[in-house]
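I would like to walk you through one protein structure, slowly, so please have the picture open as I speak.

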Amino acid sequence: MTEPLFLKPVFQEKIWGGRKLAEAFDYNLPDGDIGECWAISAHPHGPSTIENGPLKGLTLDQAWATHREYFGNAEGKVFPLLTKILDAEASLSVQVHPDDAYAAAHEGPTELGKTECWYILDAEPGAYLIYGHHAKTKAELTAMIEEGKWDDLLRKVPVKTGDFFYVPSGTIHALNKGIMALETQQSSDTTYRLYDYDRVDAKTGEKRELHLKQSIDTTIVPHQDPVLNIQTEHIGDSTITTYVQPPMSPFFSVYQWLVKGDLHFDRTTAPYTLVSVVDGEGELIADGQTYPIHKNMHFVLPFDIKSWDLKGDMQIIASEPGNK
């Protein structure tokens, strides 16, 4: 019998973080301003630990390295995806991420680029994102950055609970104050910081490092919003929403499963599935075994689980690796 891989998250302190992850998800947080829950992670900067079954005690990167059969013997030096929950108590820096080629050339051969997406779990009234820019050419982008014309350069987009945003590498972006989001991304920790509001890190007494050359190098000009083809399927009282999938999103597919009663799944082509319960509670039935699941739990359904059922009243964000 193959079991789901239930995972223990890793929490990251951030200058812009707070304590809402404890309140919203009942997590036992370490001290400090916690900005990120690395929920399903095999990245060396914060790998999740498997809490059950034959692989109990291994981190997800160790399981990927030594038990690739759990992942359909998928290729790749590193586990390709990372699921986070972010709590923006203050605004994140304005930033941009590289693609795979730039990351490999400048950050090391095993560091991936970073295409990501956000499902907005909660947004305070008036909350907004930085999403894209207004420069028409690379020269104009460079000049506006060098002159600090941030109000002219940066594109502000209002945001509300339940919104979804796809953020390809090369996109200038930032979550701002009052937003909590589930992020699905390539497994990368490379961020090029373009602007940080001139704030000072209380721990160091200094401003945080900026990466202007890298930001200019990697920003796509002009900005174009991705054209999403979001599809929702109604199954009884439940719904399955597909936000992104290949070929538009080559690195991952992302879904929302709103479970009201019973919902059955058969594995199609993906070798494994990442699952985060973001609201409610119920049961997962897989390989003849029933597992109670509830908000704040994260797990991987490995290759040998060919079908599964969900029962209860739950909101789940799930993802699967793409074709890159």
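Predicted model: local features only at pLDDT ≥ 70, side-chain atom pairs only at ≥ 80, totals over all residues.

In what order do the strands of the open six-stranded sheet lie? The order is S2-S3-S5-S12-S7-S10, and the pairing is antiparallel. Strand S2, residues 10-18, and strand S10, residues 164-167, stand at the edges with a single partner strand each, so one side of each is left without a neighbour in the sheet. If you follow the sheet from one strand to the next, the twist averages 25°. For those new to this, strands of a sheet pair through backbone hydrogen bonds, and they can do so in a parallel or an antiparallel way.

Now we can look at the individual pairings. S2 and S3 pair over five bridges in the antiparallel sense, and along this pairing you can find Gln12 opposite Glu36 in S3. On the next step across, S3 is joined by four bridges to strand S5, residues 81-88, again running antiparallel, and there Cys37 stands opposite Ile85 in S5. Strand S3 itself, residues 34-40, is mostly covered, since seven of its seven residues are buried. Further along the sheet, strand S7, residues 116-123, and strand S12, residues 179-186, run antiparallel and are joined by seven bridges, with Ala181 in S12 as the bridge partner of Ile120.

Strand S19, residues 273-286, pairs with S20 in the antiparallel sense over six bridges, and Glu283 stands opposite Pro292 in S20. The two strands form a hairpin with two residues between them, and in that turn Asp287 has a positive phi of about 55°.

In one of them, Phe6 and Tyr291 form a tilted pair, 5.7 Å centre to centre and with 50° between the planes. Elsewhere, ring pairs link Trp64, Phe71, Phe79 and Tyr272 into a cluster.

The charged end of Lys295 sits over the ring of Phe25, 5.0 Å from its centre, and the charged end of Lys306 sits over the ring of Phe303, 3.3 Å from its centre.

Next, please find the loop between strand S17, residues 238-244, and strand S18, residues 252-266, where Ser249 is found. Is Ser249 buried or exposed? With a relative accessible area of 0%, Ser249 is buried. Leaving aside residues up to four places away in sequence, Ser249 touches Tyr166 and Val244, and its side chain reaches the backbone oxygen of Phe252 at 2.7 Å.

Pro246 is found in the loop between S17 and S18 too, but at 28% relative accessibility Pro246 counts as partly exposed.

Most residues other than glycine have a negative phi, and most peptide bonds are trans. The peptide bond from Pro246 to Pro247, however, is cis, with omega near 5°, and the bond from Val221 to Pro222 is cis with omega near -10°. Pro222 is found in the loop between helix H6, residues 212-218, and strand S16, residues 231-235.

As for phi, Asp198 has a positive value near 60°, and its place is in the loop between strand S13, residues 192-195, and strand S14, residues 200-201. Asn296 has a positive phi of about 95° although it is not a glycine. At 52% relative accessibility Asp198 counts as exposed, whereas Asn296, at 16%, counts as buried.

Definitions and conventions: Residues numbered from 1 in each chain as written. Heavy atoms only, no water. Phe/Tyr/Trp six-rings, centres within 6.5 Å; stacked < 30°, edge-to-face > 60°. Lys NZ or Arg CZ within 6 Å of the ring centre and 35° of its normal. Pairing = 2+ DSSP bridges. Buried < 20%, exposed > 50% of the residue type's maximum accessible area, 1.4 Å probe, protein only. Contact = heavy atoms within 4.5 Å. Polar contact = N/O pair within 3.5 Å; in protein donor to acceptor, adjacent residues only side chain to side chain. Axes fitted to C-alpha atoms, helices over the stretch in contact; angles between N-to-C directions.
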